[in-house]
Amino acid sequence: MEQFFAALTLSAGYNTALVCVGAALLGAASGAIGVFVLLRKRTLVSDAVSHATLPGVALAFIIAQVYFGSGRSLPVLLVGAAVSAGIGVLAVDWIKTHTRLTEDAAIGTVLSTFFAVGMVLLTIIQSMSIAGQAGLEGFLLGATSGMLKSEAMTIAVAAGLVGLAVVLRMKEFSLLCFDEGFAAASGYNVRWLDRTLLLLLLGIVVIGLKTVGLVLIIALAIIPPVAARFWTDRVPVLVAIAAGIGALGSYIGAALSASAPNMPTGGLIVLVLFSFFVVSLLISPVRGILAAALKHYRFQRIVHLRQGLLAIAHDEPVLEPLTRSILRRGGFMGGDGQPTVKGQSEARLIERDQKLWNLYREMHPEESHALADWSLKPIGEVLPADTVKTLEQELTPHVVRDGLPGAGGAN
Amino acid sequence: MDIFLQFDLPSILLGSLAALACGLLGNFLVLRKQALMGDAISHVVLPGIVLGFLFSHETGSWAMMIGAGVAAIVAVLLIELIRRIGNVEPGAAMGVVFTTMFAAGVVILEQTGTAGVHLDVEHALYGNLESAIWLDAYTLSDLWNLQALATLPESIKQLFVVNVLVIAFVVLFFKELKISSFDPLLSASLGFSPKWLGLALIVMVAIAAVAAFSAVGSILVIAMFICPAATARMLTDSLKMQLIISGIASLSAGLLGYLLAAFGPGMLGYEFSVSAAGMIAVVAGLQQVLAMLFAPHYGVVMRKRKQRAHAAA
């Protein structure tokens, strides 16, 4: 626990601090880019991208080993990863456009066969029996322990750059996601923008390989935007929240994994991110479960109260237990089940309101269908004053205003 | 001969049987545009497998199988829940669920110390095809000897049972699967709910995924699900033919892949062998590439040629 707080406050050693900061930057950048990938509905393409990095990593390692004598250079490996991931993306596109197979089958094919090629290459590397190959295993599930200072620095800087690029291109990407036609008409090269988006995603995947690992890296681009989606509908805010969730989650996850042995970094980051998602799902005021439940409860209360009062006005017995308890709590009904004075007067008001509503529906059937609040709120709160006045005149042509209780008695 | 029987044959059987079970079910995943469900399921079963193992303390146990089945159902429900409540596209909901459950599996695996004993993360990803051995086999006649057959590795027997289950499922529900894959509305109006059949299919997929899991690992299982079915889909329009072709493609990928992995480098003069599970998936992928290019009707090359002939005429 102490270790965890030390890591969290950046005081558990220079390397750990660097790793945590690097993870946070990575999380922020991938959260930001993930928003556009999500809006463009290309989420699972990133799964193919991440798995397709493996053969590139392995091949780059072999080539670097053969020609330069040492394979363990992070930039070289990452370039290899980027190249094979790029080929993977092109392959998905090719299968999708040139054969009768659908996109999901194309993604599945590419991710599994590329990964398989990578595995075969890894076993070749193992049989080459050279030092330094142990680091390659870290690319699968992420390993930050034993990460070199220069590597952590590379990751932090690269993630920061990608994040910056996303922020700078935010307007164009939003256009691309919401109105491709308009973007094209405004003179943007849509194809090129789409490529840029994928390229940035590819960059994030490649940078994140070492920290989170290729199996779980896509979670960094998926979970933060999906969680952020609960809080807002505006793109800039969405990007900011997704980046924030990504950064915080990755930071805490990296700190947790630094604080104890046998704690896989990638797995922990994903679990922390998921907890953010669950919190958003529950308590978001816009479309969270709690907000929805509260809304339902309020709606239920209004309907029951209104129906109960109408029943009182019509001298009908109120039998529904929930309605009774709501009426009692409002002081409209006594303990003996008889309406109170307050209940009587409120019932008259509601009855009149209901009559006005009914009349409105008769006169303007279409408008009243379009109204969400029809007969839920007092009519004066929903319709403009002059409309209500006309209705009132229509209802009681000869009585002035605030007429006798039960005026009209048309029922 | 006995070396082949003791070491190579069990691995070939394991690989081919795993490929067959997954390949047959994969046809329906591909047709229903649910190929990535195979991807998701092969990831989400990990926590179920680990918990099942912690419960029973032996690999290849039925507890692991049940754990995986439960994990798959939980995942399907979660995906549905997130999709409905969160109003996000199915792909994203799937991504959230399968990465999280896989991450949970990895963390439990590392934390409980199970890792390294019988089950570890590398095995979960790569599988362990080469570990299957059949020490009681000496001559070819042992293949007909029930006593000797009883000593086959547990995982092979399990896969055999799973294959029987899968084939029975496909044969018994062939009509229902066919109609609900091509026309869910018709299926609903005929009285069998495409939803329940879909769930049953997912559970079968989970069972096949787990049985194949120990042999080829969680990611190559995806290749088994998709590649043979996609290969067959390129070659035919008839579902029956597609099932048969995908079965042949699965079995041949299992056999060829293993042989290439075990003896390929040797033939090139190298001393080592490469990952058999990986090679099986590579062969399955190559078959698909060939089918995509040269399939008589739908292949890219043939279509180009036809177009040219058309243009010339």
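In chain B, 71% of the contacts with a separation of 6 or more are between residues 24 or more positions apart; two residues are in contact if their C-beta atoms, placed from the backbone, lie within 7 Å. This is a predicted model, in which local features need pLDDT of at least 70 and side-chain atom pairs count only at pLDDT 80 or more, while totals for chains, interfaces and linings use all residues. Residues are numbered from 1 along each chain as its sequence is written, and chains are lettered from A and ligands numbered from 1 in the order in which they are written.

**Chain B overall**

- Chain B has 13 helices and 0 strands; helices (H or I, at least four residues) and strands (E, at least two) are DSSP runs, numbered from the N terminus.
- Of its 313 residues, 53% count as buried.
- A residue is buried if 20 or more other C-beta atoms lie within 10 Å of its own, exposed if 12 or fewer, and partly exposed in between.

**Nonpolar cores**

- The largest nonpolar core has 222 residues, and those with the most contacts inside it are Ala18(B), Ala21(B), Val44(B), Val45(B), Ala208(B) and Ala212(B).
- A nonpolar core is a set of buried Ala, Val, Leu, Ile, Met, Phe, Trp, Tyr and Cys residues joined through C-beta atoms within 7 Å.
- Helix α10 (residues 194–235) of chain B gives the largest share of this core, 27 residues.
- Ala208(B) is in contact with Ala21(B), Cys22(B), Leu25(B), Val162(B) and Val166(B), leaving aside neighbours within four places in sequence.
- A second, separate core of 10 residues includes Leu309(A), Ala313(A), Leu327(A) and Ile350(A).

**Leu24(B)**

- Leu24(B) lies in helix α1 (residues 2–31) of chain B.
- Leu24(B) is buried because 24 other C-beta atoms are within 10 Å.
- Not counting residues up to four places away in sequence, Leu24(B) touches Val166(B), Ile167(B), Val170(B), Leu243(B), Ser246(B) and Gly247(B).
- Leu24(B) and Ile226(B) are 202 residues apart in sequence, and their C-alpha atoms are 9.6 Å apart in space.

**Two sides of helix α8(B)**

- Leu177(B), Ser180(B) and Ser181(B) are buried in helix α8 (residues 174–182) of chain B.
- These residues cover an arc of only 100° around the axis, so they are on the same side of α8(B); the arc is that of the directions from the helix axis to the C-beta atoms.
- On the other side of α8(B), Lys175(B) and Phe182(B) are exposed.

**Where chains A and B touch**

- In this contact, 48 residues of chain B meet 52 residues of chain A.
- The largest share of the side of chain B that touches chain A, 13 residues, comes from α4(B).
- By class, this side of chain B has 31 nonpolar, 12 polar and 5 charged residues.
- Ala, Val, Leu, Ile, Met, Phe, Trp, Tyr, Cys and Pro count as nonpolar, Asp, Glu, Lys and Arg as charged, and the others, Gly among them, as polar.

**A helix pair in chain A**

- The axes of helix α17 (residues 341–363) and helix α20 (residues 385–395) of chain A come within 10 Å and cross at roughly 100°.
- Axes are lines fitted to C-alpha atoms, for helices over the stretch in contact, and angles run from 0 to 180 degrees between N-to-C directions.
- α17(A) and α20(A) are therefore roughly perpendicular to each other, a term for angles of 65 to 115 degrees.
- The contact of α17(A) with α20(A) has 6 nonpolar, no polar and 3 charged residues.

How values were computed
Angles under 35 degrees count as roughly parallel, over 145 as roughly antiparallel, 65 to 115 as roughly perpendicular and the rest as oblique.
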